[in-house]
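This report looks at the inside of a protein chain and then at its surface. Please keep the sequence and the model in view.

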Amino acid sequence: MHFLYQGFGWILYQIFRLIGDYGYAVILFTVIVKTIILPLNIKQTNSMKEMQAITPEVQKLQKKYKNNPEKLNVETMKLYKLYKVNPMSGCLPLLIQLPIIWGLFGALQNPQKYVFPAGKLSALHQSFYWIPNLGKPDPFYILPIICVVVTFLTQKFTTDMSNADPTTATSQKVMMIIMPLMIGWFALKMPAGVSLYWVVQSVYTFVQQFIVMRRPVKLVPIEEAERRVKEQEVKDKKKKKDRLREQSELRQQALNAQLGRPEKKTKMARPKTKPVSQRRIVTKIPKSDERTKKSN
């Protein structure tokens with residue numbers, strides 16, 4: 001992981017050279033990294049919302065097949081396929097983000113080695129607001145307290161316990177308390193630069209989740225979802241049949257060209273009625289006019 005620490009440390013140092021302040025360099029660097037991985041975070045959030053939306057249907061299946069785990073697993077997978085929800089889609093963005101988080105965290109944890117390898121440590125000794133040294137823990141415990149508060153608010157806002165069963169809801173409530181306290185404990189021991197990074201990224205995540213989570217997930221009834229799936233299957237079969245017919249015609253044309261056979265022209269269907277220009281026009285003469293002609 002040292003190459004990640006060195007890479008992120010070098011980028012952070014370049015930002016520091018442009019700004020001239022290590023604290024603001026950490027803030028800007030965090031915002032840039034969070035903006036780059038924003039599409040992954042949005043994908044993860046949308047996947048979480050979709051899973052929460054179908055939770056009532058999953059709970060119905062759990063009650064219906066509580067004594068048949070195999071059938072429950074089959075029906076649950078059918079439900080996921082029906083609503084086009086992948087339970088693992090939210091894990092992939094997180095796995096991609098982990099090396100970025102580790103690299104950034106490692107560089108900030110040891111800035112003397114990875115950010116300022118040339119020995120320019122004077123930037124760490126510069127005060128940043130109330131913090132006298134970003135390379136050491138906050139002596140006033142303000143950043144750790146902010147870390148606890150922001151982490152708690154972010155978890156509370158992003159965790160939906162309305163459809164959760166009692167066991168899951170209890171575990172989520174416990175984690176909502178333990179996780180912020182754990183982050184605060186780490187912030188007491190870590191350099192203030194790491195705590196500053198955590199506060200900035202938590203605020204960024206809170207704003208992002210506030211915007212994304214406000215968009216409701218439209219979940220159609222299961223009967224309508226099944227109808228749409230069947231309709232799509234019929235369309236797919238028709239497209240596949242047409243594609244196979246076109247491929248067969250193309251192969252036949254290629255074979256005819258190799259054998260020198262003339263191409264068969266499609267016969268035009270004969271019209272059921274004659275064209276207007278070829279119709280015989282017959283004029284009927286009234287009987288009174290015929291008698292007048294004979295008398296003359």
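## Contacts and cores

Contact here means heavy atoms within 4.5 Å. Val26 touches Leu12, Leu108, Gly193, Leu196 and Tyr197, leaving aside residues up to four places away in sequence.

This is a predicted model: local features need pLDDT of at least 70, side-chain atom pairs count only at pLDDT 80 or more, and totals for chains, interfaces and linings use all residues. Residues are numbered from 1 along each chain as its sequence is written, and side-chain values use heavy atoms, with hydrogens and water left out.

A nonpolar core is a set of buried Ala, Val, Leu, Ile, Met, Phe, Trp, Tyr and Cys residues joined through side-chain atoms within 4.5 Å. Buried means under 20% relative accessible area, exposed over 50%, and partly exposed in between (1.4 Å probe, protein chains only). The largest nonpolar core has 32 residues. Leu12, Tyr22, Val26, Phe29 and Leu108 touch the most other members. Helices α1, α2, α6 (91-109), α8, α9 (166-189) and α10 (192-213) each supply at least two residues of this core. α1 gives the most, with seven. A second, separate core of ten residues includes Ile54, Leu61, Leu82 and Tyr83.

Helices are DSSP runs (H or I, at least four residues), numbered from the N terminus.

## Aromatic pairs

Rings of Phe, Tyr and Trp (its six-membered ring) pair if their centres lie within 6.5 Å; planes under 30 degrees apart count as stacked, over 60 as edge-to-face and the rest as tilted. The count comes to five aromatic pairs. In one of them, the ring centres of Tyr24 and Phe128 are 5.2 Å apart and the planes stand at 80 degrees, so the pair is edge-to-face. Tyr24 lies in helix α2 and Phe128 in the loop between α7 (111-114) and α8 (142-158), so the pair ties together parts 104 residues apart in sequence.

Phe128 is buried, at 7% relative accessibility. Tyr24 is partly exposed, at 37%. Tyr24 also pairs edge-to-face with Tyr129, with centres 6.3 Å apart and planes at 70 degrees. Tyr24, Phe128 and Tyr129 form one aromatic cluster.

## Nonpolar surface patch

Which residues make a nonpolar surface patch of about 1,000 Å²? They are Leu18, Ile19, Tyr24, Leu28, Ile32, Ile36, Tyr129, Trp130, Phe140 and Ile142. Like charges are joined within 9 Å, nonpolar side chains (Val, Leu, Ile, Met, Phe, Trp, Tyr) within 5 Å. Accessible areas come from the Shrake-Rupley method with a 1.4 Å probe; for residues, only the protein chains shown count as cover.

α2 (22-36) gives the most to the patch, with four residues. Ile36 lies in helix α2 and is exposed, at 62%. Tyr129 is exposed too, at 59%.

Technical notes:
Patches are made of residues with over 30% relative accessible area and no salt bridge: like charges are joined within 9 Å, nonpolar side chains (Val, Leu, Ile, Met, Phe, Trp, Tyr) within 5 Å. A salt bridge is a side-chain nitrogen of Lys or Arg within 4 Å of a carboxyl oxygen of Asp or Glu.
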